[in-house]
Amino acid sequence: MNYTFISATILLILITDPIGNIPIFANALKHVAVERRARVILREVLIAFGLLLTFMFVGSGFLRVMNLSELSLQIGGGVILFLIALRMIFPPPSSETLEVQGEPLIVPLAIPAIAGPSALATVLLLVSQAPERRLEWIAALCVTMAVSAIVLVLAERIQRVAGDRFVIALERLMGLVLVAVAIEMMLRGIKVFAGQLAGL
């Protein structure tokens, strides 16, 4: 699947799901002073950005060490995206949300809320498919992190202005789009695999 800067940015935004992370961040920051919340959010976004950026540079080496092919990564990434998308459309009960006492650090906000398995697999897939366009993928990641930071810092205002129903509806719509992306990714991987089998 050949991605452009725009399609890669949209895909990363869908996967990091800043709208869906609003309730997670609201719950985790409940015991944090209001004046510190923006700083904590920016810190967690920067930590997630650092991890994803690191994966962009060491990802190809990781694939070689684990003896994994781009094809297995594409099909596996599609499966993970599909499961993530299903959780966006059919979210688990709120009782499953982890409540953090005090100020959260790295877990659960930076990891796995922002830089979860699906985001790590996606940046790895982008770089493995087109390593010569690494700067383009870094730019897409920068835009994604900026969008996440803005949405999460303004989360309380967004909830007040738009209302919980709008936020939920928007997340379900993003999940539906991500389902289509995941299925397309899996179908392309299966098509390549079938072609390889036919050539044997």
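This is a predicted model: local features need pLDDT of at least 70, side-chain atom pairs count only at pLDDT 80 or more; totals for chains, interfaces and linings use all residues.
A residue counts as buried when its relative accessible area is under 20%, as exposed when that area is over 50%, and as partly exposed in between.

**How the two helices meet**

Two packed helices are described by the angle between their axes and the distance between the axes. Here, helix H2 covers residues 18–28 and helix H7 covers residues 134–153; they pack at an angle of about 45 degrees, and their axes lie 9 Å apart. H2 is therefore oblique to H7. The crossing of H2 past H7 is right-handed.

Which residues make up this meeting? From H2 come Pro18, Ile19, Asn21, Ile22 and Phe25, and they meet Val147, Ser148, Val151 and Leu152 of H7. Seven of the residues in this contact are nonpolar, two are polar and none is charged.

**Two residues of H7**

Ser148 and Val153 both belong to helix H7. Are they buried or exposed? The table gives their values.

| Residue | Relative accessibility | Class |
|---|---|---|
| Ser148 | 1% | buried |
| Val153 | 37% | partly exposed |

Setting aside neighbours within four places in sequence, Ser148 is in contact with Thr16 and Pro18. Pro18 is also one of the H2 residues that meet H7. Val153 and Arg37 are 116 residues apart along the chain, and their C-alpha atoms are separated by 7.8 Å.

Definitions and conventions. Residues are numbered from 1 along each chain as its sequence is written. Side-chain values use heavy atoms; hydrogens and water are left out. Axes are lines fitted to C-alpha atoms, for helices over the stretch in contact, and angles run from 0 to 180 degrees between N-to-C directions. Helices (H or I, at least four residues) and strands (E, at least two) are DSSP runs, numbered from the N terminus. Angles under 35 degrees count as roughly parallel, over 145 as roughly antiparallel, 65 to 115 as roughly perpendicular and the rest as oblique. A crossing is left-handed if the near helix is turned anticlockwise from the far one by less than a right angle, and right-handed if clockwise. Contact means heavy atoms within 4.5 Å. Ala, Val, Leu, Ile, Met, Phe, Trp, Tyr, Cys and Pro count as nonpolar, Asp, Glu, Lys and Arg as charged, and the others, Gly among them, as polar. Buried means under 20% relative accessible area, exposed over 50%, partly exposed in between (1.4 Å probe, protein chains only).
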